[in-house]
Amino acid sequence: NIQIGLNDRIAFVKNLFDGSQEDFNRVLSQLNTYTTEKEARKFIKKMVKPDYDWADKEEIEERFMTIIERKFL
């Protein structure tokens, strides 16, 4: 499972999920079902990013993706 610390969790919810803890939890739950990094990346690119405005948030998005990638190492 994907492990995210409290500080990162707060930052991701605030910056990437428009303050919605529920949306963040739903996305994380879905990501935990994938068995490959490729599937997870595709889901984020096609389903998550279009729903939220991640423009100008490259740094926090990179941090989020780094944590997601760790699941598949």
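Where is Asp56 placed? Asp56 sits in the loop between helix H3 (37-48) and helix H4 (58-70). Helices here are DSSP runs (H or I, at least four residues), numbered from the N terminus. This is a predicted model: local features need pLDDT of at least 70, side-chain atom pairs count only at pLDDT 80 or more, and totals for chains, interfaces and linings use all residues. Residues are numbered from 1 along each chain as its sequence is written, and side-chain values use heavy atoms, with hydrogens and water left out.

**Negative patch**
- Asp18, Asp53, Asp56, Glu58, Glu59 and Glu62 form a negative surface patch.
- Patch residues have over 30% relative accessible area and no salt bridge, with like charges joined within 9 Å.
- A salt bridge puts a side-chain nitrogen of Lys or Arg within 4 Å of a carboxyl oxygen of Asp or Glu.

**Loop aspartates**
- Asp56 counts as exposed because its relative accessibility is 72%.
- Exposed means over 50% relative accessible area, buried under 20%, and partly exposed in between (1.4 Å probe, protein chains only).
- Asp18 lies in the loop between helix H1 (6-16) and helix H2 (21-31).
- Asp18 has a relative accessible area of 55%, so it is exposed.

**Backbone**
- Most residues other than glycine have a negative phi.
- Asp18 has a positive phi, near 50°.
- Asp56 also has a positive phi, of about 65°.

**A helix aspartate**
- Asp8 lies in helix H1.
- Asp8 counts as buried because its relative accessibility is 17%.
- Its side chain makes a polar contact with the side chain of Arg63 (2.6 Å).
- A polar contact is a pair of N or O atoms within 3.5 Å; within protein, one must be able to donate a hydrogen and the other to accept it, and residues adjacent in sequence count only if both atoms are side-chain atoms.

How values were computed:
Patches are made of residues with over 30% relative accessible area and no salt bridge: like charges are joined within 9 Å, nonpolar side chains (Val, Leu, Ile, Met, Phe, Trp, Tyr) within 5 Å. Accessible areas come from the Shrake-Rupley method with a 1.4 Å probe; for residues, only the protein chains shown count as cover. Lys and Arg count as positive and Asp and Glu as negative; His and the chain ends are not counted. The place of a charge is taken as NZ of Lys, CZ of Arg, CG of Asp or CD of Glu. Helices (H or I, at least four residues) and strands (E, at least two) are DSSP runs, numbered from the N terminus.
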